[in-house]
Amino acid sequence: MIEHLLPPGVAGAHLRDFSTAGPLPAAEETSLGPVGPARAGEFAAGRHCARAALSALGRPGAELPRRGDRAPGWPAGTVGSITHCRGYCAAAAGPTVSYLSIGIDAEPNEPLPAVVLPRISSAAERRWIGAAPGGVHWDRLLFSAKESVYKTWAPLTGAWLGFLDATVTVEPAEITEVAGAHVTGRFRVALHVPPPRMNGVPPRGFDGRFLALPDLLLTAIVLPRPGAPGVREGMS
Ligand SMILES: CC(C)(COP(=O)(O)OP(=O)(O)OC[C@H]1O[C@@H](n2cnc3c(N)ncnc32)[C@H](O)[C@@H]1OP(=O)(O)O)[C@@H](O)C(=O)NCCC(=O)NCCS
């Protein structure tokens, strides 16, 4: 499913049943530290998906220990992202020759707790959420998009990004209903903090894609390396 949101050259993999993920290599187990079974299960599922995505890129058998900033340590020459929520886990990976950073996020297609939306959104974001068509919990989709923004931003900059440091917009014209309850589209991200310079070109923001299923929301941002031939996804 995450694969539907990724451009050519970026591999994705997902898992619904976390119990099918294999055991962790020792370096990953050590980097996780002592945790309960639920956390161990989602971590192993994420690494399973990351290994599957990397295998599809021709990099089988990779190990991704958890770094000090909690991000996965992707093998040299690759960037990627991992997400998990109840009953769904996914990873995406691409080559650094073409892509600078990737952020993906999965959330249940359920309303956000009422106290959360005012903390993570601006008035402008709440306006488009209020006007958007039914069938999707757009408040949760906004949250997911912002988690994808952070996962794209943090490995590039090593810096924190707060929920109000970026504005996410979904234009009605960029929402498409595909077969039945599947809704897909694009979102735009305006950054309100100085962005990282990429080969001397500061992007104004990121572009992302989303997919809404009856039980699941997925968002993804794939940031191209400026000047990489034939690669246009993710940056405005
Ligand atoms: C890190 C964060 C984005 C994770 O998102 P989440 O929805 O809670 O959880 P997900 O399951 O989708 O993602 C967790 C995975 O994110 C990855 N991750 C964690 N820290 C990361 C970082 N600094 N950079 C990139 N990826 C990171 C890890 O792979 C982690 O899974 P793992 O520990 O099993 O490897 C979130 O906990 C957070 O700190 N958010 C606050 C910052 C933010 O979102 N700002 C909004 C900017 S507009």
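Domain bounds are taken from an automatic or database domain assignment. The model is predicted: local features require pLDDT of at least 70, side-chain atom pairs count only at pLDDT 80 or more, and totals for chains, interfaces and linings use all residues. Residues are numbered from 1 along each chain as its sequence is written, and side-chain values use heavy atoms, with hydrogens and water left out.

The shell around the ligand takes at least three residues from each of domain 1 (1-97) and domain 2 (98-226). Of its 24 residues, R39, R47, T83, H84 and E147 come nearest (a residue is near if one of its heavy atoms lies within 4 Å of the molecule). By class, eleven are nonpolar, three polar and ten charged; Asp, Glu, Lys and Arg count as charged, Ala, Val, Leu, Ile, Met, Phe, Trp, Tyr, Cys and Pro as nonpolar, and the others, Gly among them, as polar.

At least two shell residues come from each of α2 (37-56), β2 (78-85), β4 (99-108) and α5 (138-157), with helices (H or I, at least four residues) and strands (E, at least two) being DSSP runs numbered from the N terminus. The largest share, six residues, is supplied by α5.

A polar side-chain atom of K151 lies 2.8 Å from an oxygen atom of the ligand, while a polar backbone atom of L161 is 2.9 Å from a ligand nitrogen atom.

Technical notes:
A polar contact is a pair of N or O atoms within 3.5 Å; within protein, one must be able to donate a hydrogen and the other to accept it, and residues adjacent in sequence count only if both atoms are side-chain atoms.
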